[in-house]
Amino acid sequence: MPLFALGRSGDHAARVTTHYEQLARQYDRRWSGYLQGTLTRLLKCLALSGTERVLDLGCGTGEFERLVMQQFGSVSMVGLDTTPAMAAVARQKLRGAPNVQILVARAEALPFRAEEFDVVVSASMVHHVRDARSLLVEGCRVLRRGGQLAILDWCRDFWHCGLLHYWWRASDPTYGRMYRLRELRQRLGEVGIRVQQADRFLVPPGYGLMCVNGIRAS
Ligand SMILES: C[S@@+](CC[C@H](N)C(=O)[O-])C[C@H]1O[C@@H](n2cnc3c(N)ncnc32)[C@H](O)[C@@H]1O
């Protein structure tokens, strides 16, 4: 059995949840610079008007919801996360925001009807999933035609992220997969998203990321 397989046996989804259950209380403090750098970038790429209904897959502690509410108090948001402790931090943080709802669910099985949202986003979550297809299919199903879907995540095109990919695969049981930009574009195309904007960027001190934004074409 390859060494990396030892740490990857068992229920992958349960390991992700256990990891974030333990991290939830310290998450915002530990990742403050990263959150600022990634989530402002995601918000900028969306160009919201303020009237949308937005779904955030893997919303974590609700930092993206907080940021959106600061600038667009009239947007209606649903943040969804598989880890109850992360969702609890988000609910506590957003208790004064009546148009934000935080749910515990998996992004691969969304509890919504088709075409309920104008915008679907996900930040720093896709690398925890082994095959992004099922969550992209679901994200696309609940997005209206012409709506926007934006994915921000680690990008394997950066040489050091390529090394991290192999390191995490061998040592981190919560790791799923890190995509190259062209691979993510292709996955999005396969589920009916016409990519309009795709950027790679670094967040200090050197996190290598990408943000891909497109429109549901069919
Ligand atoms: C690195 S955190 C990112 C949180 C937030 N989006 C942010 O940018 O701070 C990853 C989050 O994704 C959640 N997650 C992982 N896999 C998930 C899945 N399949 N469905 C829903 N949430 C998931 C984890 O519980 C965790 O809260």
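Modeller: The model is predicted, so local features need pLDDT of at least 70 and side-chain atom pairs count only at pLDDT 80 or more, while totals for chains, interfaces and linings use all residues. Residues are numbered from 1 along each chain as its sequence is written, and side-chain values use heavy atoms, with hydrogens and water left out.

Helices (H or I, at least four residues) and strands (E, at least two) are DSSP runs, numbered from the N terminus.

Two strands pair if DSSP finds at least two bridges between them. Strand β1 (residues 53–57) pairs with β4 in the parallel sense over 4 bridges, and D56 stands opposite V121 of β4. Strand β5 (residues 143–154) also pairs with β4 in the parallel sense, over 6 bridges. Here V121 stands opposite A150 of β5.

As for the setting, the chain has 9 helices and 7 strands, and buried residues make up 53% of its 218 residues. Contact means heavy atoms within 4.5 Å; of the contacts with a separation of 6 or more, 69% join residues 24 or more positions apart. The C-alpha trace spans about 50 × 35 × 35 Å along its principal axes.

Notes. Buried means under 20% relative accessible area, exposed over 50%, partly exposed in between (1.4 Å probe, protein chains only).
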